[in-house]
Amino acid sequence: MVMSTEDFDFDLPEKLIAQTPLKNRETSRLLVVEQATGKMADKHFTDILDELHPGDALVMNDTRVLPARLHGVKPDTGGQLEVLLLVNQEGNRWETLIKPARRAKVGTEIHFGDGRLKAKVVEELDHGGRIIDFMYEGVFLEILESLGEMPLPPYIKEQLEDPERYQTVYAKENGSAAAPTAGLHFTKELLQKIEEKGVKLVYLTLHVGLGTFRPVSVENVDEHEMHREFYRLTEEAAETLREVKASGGRIVAVGTTSIRTLETIGTKFEGQLQADSGWTDIFIYPGYEFKIVDAFSTNFHLPKSTLVMLVSAFLGKELTMEAYAHAVSEEYRFFSFGDAMFVK
């Protein structure tokens with residue numbers, strides 16, 4: 001059966017798009033949705049403690065967002081370009097999004113700030129994508145910290161007063177072009193309470209890349225191509241997850257990035273969890289059978305997005321659309337700084 005992208009559309013009033021984070025991370029709301037019964041419950045995010053059981057594993061993505069938006073100048077013309085870093089391919093070579101892309105042909109030189117950082121376009125990709133080589137002296141991350149801006153999504157118009165609010169409290173591994181936003185609700189205090197309950201805290205890494213910024217532009221869902229993103233699961237983490245599974249605990253993923261990493265590994269190793277790293281372009285939509293993840297938390301996503309499709313693969317499309325209609329009617333906050341749902 002062919003699924004249309006339009007099947008995942010819904011009306012979203014602009015006022016429900018959260019523009020700023022709440023003062024306290026854990027005061028978000030939480031919509032709990034039960035797949036087997038279709039039941040829904042309106043709760044607060046701290047109630048996630050009640051949804052987690054002793055012996056479960058809570059799996060979080062510890063990627064850290066780079067100050068990946070750079071403003072550059074073409075030295076020959078003075079033309080201004082905005083460069084968004086997406087994926088570090090190797091060495092000083094990065095996949096990027098450049099605006100306006102028409103001004104960034106192969107061979108174009110770009111200077112940033114005081115010229116401590118320079119770049120040259122070496123390849124043109126689709127959708128404004130460009131491969132560029134950086135030239136600099138010193139430590140790249142230090143230069144980026146001084147010149148770059150936090151790459152907030154285009155639907156957030158407000159200035160972010162504290163850039164750390166677009167990082168999870170457990171962010172560690174530099175490399176993302178966007179935050180794994182389902183994790184933004186957790187505080188260190190809440191994580192401590194979860195651990196004290198007997199839930200294992202497990203971390204993996206997936207660097208969020210271009211897929212976050214790409215809309216689904218095809219009519220038929222199965223024709224959409226996901227962008228590759230780098231992931232890593234350590235042996236220690238894999239061993240903990242195997243023990244949890246073996247003892248009857250649940251694997252509870254925080255966010256779609258954790259889900260995609262776990263399911264990539266589960267698909268690769270026929271349902272088994274092993275230490276692994278590499279690139280994934282897994283696309284999870286209705287018809288997909290979950291191999292690893294038993295429950296998850298996630299934010300409320302864009303209409304017609306691959307993220308809504310992923311939720312639909314777990315809950316079923318009808319129940320997902322019902323949950324989203326409920327969230328709209330109850331005025332839940334949407335997207336990166338919005339509220340969350342717990343799906344079980």
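Two strands are said to pair if DSSP finds at least two bridges between them, where strands (E, at least two residues) and helices (H or I, at least four) are DSSP runs numbered from the N terminus. This is a predicted model, in which local features need pLDDT of at least 70 and side-chain atom pairs count only at pLDDT 80 or more, while totals for chains, interfaces and linings use all residues. Residues are numbered from 1 along each chain as its sequence is written, and side-chain values use heavy atoms, with hydrogens and water left out.

Strand 5 (residues 69–73) runs antiparallel to strand 6 (residues 80–90), and 5 bridges join them; Arg-69 stands opposite Leu-84 in strand 6. The two form a hairpin with 6 residues between them, and Gly-78 in the turn has a positive phi of about 80°. Strand 5 also pairs with strand 8 (residues 109–112), in the antiparallel sense over 2 bridges, with Val-73 opposite His-111.

The structure also holds 2 cavities of 30 Å³ or more, a cavity being a set of points on a 1 Å grid over the protein atoms alone where a 1.4 Å probe fits but cannot get out, and lining residues having an atom within 4 Å of a point. Of the 14 residues that line the largest cavity, the closest to its centre are Pro-21, Ser-28, Arg-165, His-185 and Phe-337.

The second largest cavity holds about 40 Å³ of space, and its lining includes Met-226, Arg-260 and Phe-283. Helix 6 (residues 306–315) gives the largest share of that lining, 3 residues.

Note on methods. 1 Å grid on protein atoms, 1.4 Å probe; cavity = no way out; pocket = protein on both sides within 12 Å on 5 of 7 lines; lining within 4 Å. Points joined across faces, edges and corners; volume = space filled by probe spheres on them.
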